[in-house]
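Open the structure in your viewer and have the sequence at hand. The stops below go from a sheet to a pocket and then to the parts to treat with care.

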Amino acid sequence: MQYIYDEQGVTFNYFLLTFLAIFLLPTTFLLPLKSRKNEEEGRKSNCYCEACNRKETRIASLKAPSSTSRINKTAVGVALGWILFAYLTYRVSTVQIDVEIWDPYQILGISEGTTIEDIKKVYKKLSLLWHPDKAPEDQKTEHEVKFIDITKAYKVLTDDDIRKNYEEWGHPDGKQAYSLGIALPTWLVESKNNIFVLGVYGIVFGILLPFFVGRWWYSSNGYTKDKIRTHTMALFFKELRDKSSTKHILELLSASMEFLELVEQRPSDALVLPPIVSSIKDELDRRFGERFDKSKKKANALLHAHLLRINVTEEVLLRDQIFIVEKAANLLNGILDVALAHQWLAPTIHCMELRQLLVQAVWPGENPLVQLPHINHDVLRAMKSKKRNIRSVAQLREMNEGDRKILLRTLTDSQYEDVKRIAESYPILEIVRAYFKVTGDEIVTPGSIVTFILKVRLIEFPLNKQENGLDHSISENDTEVEGKTNQLKSNKKANKNAATNGYYSSDSEMDNENSIFLKTKHEAQNSWIHAPYFPIHKRAFWYVFIADEKDDRIIVNPVKISGVNEGRTIRVQFQAPPNPGFYSYILQIKSDSYVGSDIKKDIKLEVQNFDALPPEDPINDDISEPDEDSIAGQMKLMREQGLAAAVAGGGEQKNGSDSSDSDDD
């Protein structure tokens with residue numbers, strides 16, 4: 001086998017063109033779409049309060065290109081790629097490929113079908129003309145090559161064996177060695193370039209490749225799937241307890257390795273942190289009557305400042321706080337995983353609630369109304385009265401326009417419109433249906449696989465009512481019956497208290513699962529949450545899980561849901577308890593972004609003994625007789641007739657043999 005390298009660079013250029021086209025075509029197509037998307041991405045918040053304006057300005061400044069990077073690097077790379085593509089295309093189109101075909105007739109200058117005598121005459125003339133002995137000294141080599149070709153062509157056309165080789169294999173010498181073309185230029189295998197080629201191979205595969213693979217391995221080995229340091233997860237496993245409170249979880253977050261390694265400790269922190277710590281102490285004592293245990297951890301102070309909405313003026317500290325808050329939201333996933341691994345209910349709920357508090361910058365136990373724009377502690381004090389104490393956004397939305405304006409009398413008209421707009425987009429979920437079901441059975445038996453089916457939707461509250469507030473009644477019947485299934489029983493007392501707590505758990509009948517659910521206009525138009533103190537734009541989702549409060553454990557692990565504007569149906573499966581009886585559980589739907597929008601509902605699961613299962617219908621094993629007119633009936637009749645004839649024939653034969661025997665006697 002012979003290897004033929006690309007002497008003229010044709011096939012190698014085709015390889016480069018194909019490689020460039022694979023990257024250039026999709027990149028060129030997506031480049032204008034990406035630039036158009038960046039242009040269309042504007043303000044994601046429909047609120048114009050001071051905090052939202054400050055957040056939008058900061059995010060816009062981060063997205064704006066700097067003076068050194070105004071040129072789109074991707075566009076430059078695409079342009080250079082197309083220039084190289086055009087050059088290679090020109091090379092491929094202009095290169096001339098020399099294809100040599102050995103033709104004895106062409107060498108002798110004769111046509112096919114020429115007689116042997118004419119071939120001999122032509123050969124003699126050409127031999128005298130191209131004989132090397134008669135050639136000048138400077139043309140001797142050329143004449144030798146030409147004379148050899150003439151002689152070979154003459155032999156092919158006059159010798160039968162050689163001519164047969166030529167006709168069969170295309171060459172006078174018979175079958176030639178198999179050649180394989182390689183789309184690589186010849187200079188890669190030339191001896192003078194061995195040092196450079198081997199040097200490049202050694203650097204790429206001997207140094208760079210092991211370096212990058214090793215760096216990737218050691219970096220990925222030190223993190224979990226949620227991009228959390230393994231040392232941090234070890235700390236969470238060690239320190240988290242089944243009774244850990246929200247503040248204890250906040251302390252765990254502050255002690256994470258990410259903050260110790262990635263947050264820079266500057267000498268100037270000793271001067272700028274004490275005023276912030278002092279403000280934290282004053283705010284906790286004045287507003288909540290709590291003490292702040294001073295910590296040496298920088299992350300702890302900045303997290304407290306974020307939850308208390310204490311303004312950080314130092315630019316370097318503000319950057320640290322933004323990083324810490326954004327990272328803390330991700331670190332909570334690790335603490336939540338630890339709590340779920342132990343099936344602990346209390347730490348699970350506290351993790352979810354702390355995520356809400358971090359997103360909205362609200363201190364634990366604070367009035368959820370501070371999530372609305374322009375609502376601060378001075379406005380809350382002015383809203384308090386003996387007749388009415390509004391403790392949720394849902395209560396504010398239920399009020400009529402006149403009472404709401406009186407309640408928010410300290411706000412200007414533009415500020416009041418901001419409050420209305422954000423309050424209308426505040427999500428309030430409603431449980432439409434919730435029940436247990438066992439596939440194939442009418443009751444739940446011990447150890448069976450139970451499917452819990454939940455349907456939720458958003459409630460729409462129009463805020464332009466002038467006379468009376470919207471009458472949103474709570475259904476007294478909290479038991480859903482589907483067919484003969486009656487497994488879910490709700491606590492009516494919890495439903496009566498639902499309105500005052502901002503929770504809504506009415507179970508209205510819905511026979512069509514594809515019904516159109518109510519949706520709020522602002523949720524449909526703008527799915528980004530209103531969180532002016534959270535560093536990044538965020539979309540909301542909800543956790544849905546079932547727990548046992550008595551045993552303080554999770555029964556069904558949380559399921560994340562989103563896009564509930566038009567309603568969602570959730571199905572989760574779990575194994576029923578091993579013993580018959582009534583089991584009291586709680587269904588919880590907790591938001592990851594909003595404070596006070598959670599749902600807590602008591603549900604009961606009845607597990608019955610196997611004796612309560614209805615008897616199974618008897619199986620009919622009888623096979624009906626086939627009809628005489630059918631093929632099966634005809635075959636049955638033929639079998640019966642054949643069997644009768646055989647029996648009758650055997651009897652006659654037996655009688656005949658008996659008579660013959662008697663005759664012989």
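Two strands count as paired if DSSP finds at least two bridges between them. The model is predicted. Select residues 542–548, strand β5, and then β6: the two run antiparallel and are joined by 6 bridges. Within this pair, Ile546 faces Val556 of β6.

Now widen the selection to the whole sheet. Its 4 strands follow the order β6-β5-β8-β9, the pairing is antiparallel and the sheet is open. Strands β6 (553–561) and β9 (599–607) form the edges; each has a single partner strand, so one side of each lacks a neighbour in the sheet. On average, neighbouring strands are turned by 20° against each other, direction ignored.

For the largest pocket, select Ala51, Arg54, Asn311, Pro532 and Tyr533, the lining residues nearest its centre. The volume of this pocket is about 1,300 Å³, and 46 residues line it. Which elements give two or more residues to the lining? They are α2 (50–63), α12 (269–288), α13 (298–307) and α14 (315–341). Helix α2 gives the most, with 8 residues. By type, the lining has 23 nonpolar, 11 polar and 12 charged residues.

Finally, colour by pLDDT. The chain mean is 78, with 75% of residues at 70 or more. Residues 465–526 stay under 50, yet the model has 151 contacts for them beyond four places in sequence. Where pLDDT is low, predicted coordinates should not be read in detail.

How values were computed: Residues numbered from 1 in each chain as written. Predicted model: local features only at pLDDT ≥ 70, side-chain atom pairs only at ≥ 80, totals over all residues. Heavy atoms only, no water. Axes fitted to C-alpha atoms, helices over the stretch in contact; angles between N-to-C directions. pLDDT = per-residue confidence, 0-100. Contact = heavy atoms within 4.5 Å. 1 Å grid on protein atoms, 1.4 Å probe; cavity = no way out; pocket = protein on both sides within 12 Å on 5 of 7 lines; lining within 4 Å. Points joined across faces, edges and corners; volume = space filled by probe spheres on them. Nonpolar A, V, L, I, M, F, W, Y, C, P; charged D, E, K, R; others polar.
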